Amino acid sequence: MFKTLKTIFLEKQFRLKLFWTFLILVIYEIGQNILIPGINKQKLTDLIDSQYAFNLASSLTAGNLHQFSLFALGLGPYMSALIIWGAFSSFKSFQLDRLSKNKSHLLKMLITTIIAFIQGFVIAQEVTSVSSDSVLNFTFFSASFIIAIILTIGSVYLSWLSDVNSELGIGGPGLLIIAGLVSNLFSGIKNFFEEYLIYFFNFHSIVFVFVVIVGVYFLLMIMVFMYQAEYRIPVEHITISSEISADSYISIKLVPAGAMPFMFGVSFFAFARYLILFLSSYFSLKNSLFDSLLKNISLNHANGIVLYLIVLSILSFAFAFLNINPGDISESMQKNGDYIINVRPGKQTEGYINLTLMRMSTIGTFYIDFISVVPLIIGLYNPVFTNYALYLGILVTLVSMVLTIIDQVRALTEKYNYDALLPFFDKRRF
């Protein structure tokens, strides 16, 4: 711990990263407090209550619909754009892999802008309040359009901030997501204690609060264990002495996809609802079709929960193999003269890693599906439990993001700490 703090304060490069991170957090906090005018608060409350997916997606991606600010949409449009980009990239005919880094980034931001405008316009039409004595005398459409533009600008700017933090700061997009999660979590904690320890204070409420605190503590311990647990495949090096290579291994997390399937799945699910609502406002003759689609992709409906489960499962396996590429690992090992005991280098090694990763991904997918879907299923019978899925999702994402940033900070500090990199190094020889 002391060495980590020493590195943070003494290394100029690390201090510079911390400065950029702090500056970006300040900008993010300012943006979260720039409220958008012309909003009917009662309509906004009704929208949040009726469109659970919107609130969930915003809360998990550094946004906050309750506080209708410049960054209300969060990084949801950017995450949806990345999913769409990944889907098109899988088709070789589009040749997206041949684009330069700048061109591909511009296209991603263009998709983000389109998605953000669709989401912003749908929300604006639901919550816009046009007063008859308004000085500017806006019509309902023009007021909705302006609010949609403001939300779009905020979402695109927040996406740009996340890219800047990835390049110059610490934590990348995860840092902004953590900031939004903490803000939403503290707001929920505040409301919880006010309700049970102030407004409805009695012996039963005290017992209930105690049980909830203990339950959350054990739940956090389980989450930390699930995201830190890993399966280690021992690796042998033919070019390095056995004493040095004794602790070499390939690490595969028990939940290799992390919380990414949860965040991207919720964002894409919410975008599907935004898109249907957007289209329904222009195709009034097909309202019955749109109403049926909205009903069947609602997280308050059994069909919607099943579809959400399928999306989460697919994304969980996809992100696991995106984070860990068995082919690249096998090829690198073969070039460096490394091997797994009793496994031939090349295709057999790739197959062995692939099988191990598939097993870990299956466990991780079951964990993510269980955490995400069970509260929604219970919510079908008791709607109160549906709200618990929001805070459970916040805890899952928060734990994953915090542990990821801790690993990144540890890696950066060990870059300047040779004792951590070479524990076997004997300084007395020099």
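**Reading helices, burial and contacts**

Modeller: Gladly! Keep in mind that this is a predicted model. Let us begin with contacts: leaving aside neighbours within four places in sequence, Lys17 is in contact with Glu167, Leu168, Gly169, Ile170 and Leu412.

Colleague: Where is Lys17 found, and is Lys17 buried or exposed?

Modeller: Lys17 is found in helix α2, which covers residues 12-32. Its relative accessibility is 16%, so Lys17 counts as buried, the cut-off being under 20%. Sequence and space can also be set side by side: Lys17 and Gly171 are 154 residues apart in sequence, and their C-alpha atoms are 9.9 Å apart in space.

Colleague: How do I read the faces of a helix? Which residues of α3 are buried?

Modeller: The general idea first. An α-helix has 3.6 residues a turn, so residues three or four places apart point the same way. Now the case here: in helix α3 (residues 41-50), the buried residues are Leu44, Leu47 and Ile48. Seen down the axis of α3, these fall within an arc of 95°, so they line one face of the helix.

Colleague: What do the buried residues of α3 pack against, and which exposed residues are on the face turned away?

Modeller: The buried residues pack against α4 (52-60) and α6 (101-127). The face turned away from the buried side carries Gln42 and Asp49, both exposed.

Colleague: What about a buried serine? What does Ser155 touch?

Modeller: Ser155 sits in helix α7 (residues 140-168) and counts as buried because its relative accessibility is 1%. Beyond neighbours within four places in sequence, Ser155 is in contact with Leu70, Leu73, Gly74, Pro77 and Ala116. With Gly74 there is a polar detail: its backbone oxygen lies 3.3 Å from a polar atom of the Ser155 side chain.

Ser316, in helix α12 (residues 302-323), is buried too, with a relative accessible area of 2%. Not counting residues up to four places away in sequence, Ser316 touches Ala257, Pro261, Ser361, Gly364, Thr365 and Ile368.

Colleague: Finally, the surface. Which residues form a nonpolar patch?

Modeller: The patch is made of Phe203, Val207, Phe210, Val211, Val214, Tyr217, Phe218 and Met221, which together have about 830 Å² of accessible area. Take Met221 as an example: this residue is in helix α9 (residues 203-228), and Met221 counts as partly exposed because its relative accessibility is 41%.

Technical notes: Residues numbered from 1 in each chain as written. Predicted model: local features only at pLDDT ≥ 70, side-chain atom pairs only at ≥ 80, totals over all residues. Heavy atoms only, no water. Buried < 20%, exposed > 50% of the residue type's maximum accessible area, 1.4 Å probe, protein only. Helix = DSSP H or I, 4+ residues; strand = E, 2+ residues; numbered from the N terminus. Arc of directions from axis to C-beta. Contact = heavy atoms within 4.5 Å. Patch = residues over 30% accessible without salt bridge, like charges linked within 9 Å, V, L, I, M, F, W, Y side chains within 5 Å. Areas by Shrake-Rupley, 256 points an atom, 1.4 Å probe, with all protein chains shown as cover. Salt bridge = Lys/Arg side-chain N within 4 Å of Asp/Glu carboxyl O. Polar contact = N/O pair within 3.5 Å; in protein donor to acceptor, adjacent residues only side chain to side chain.
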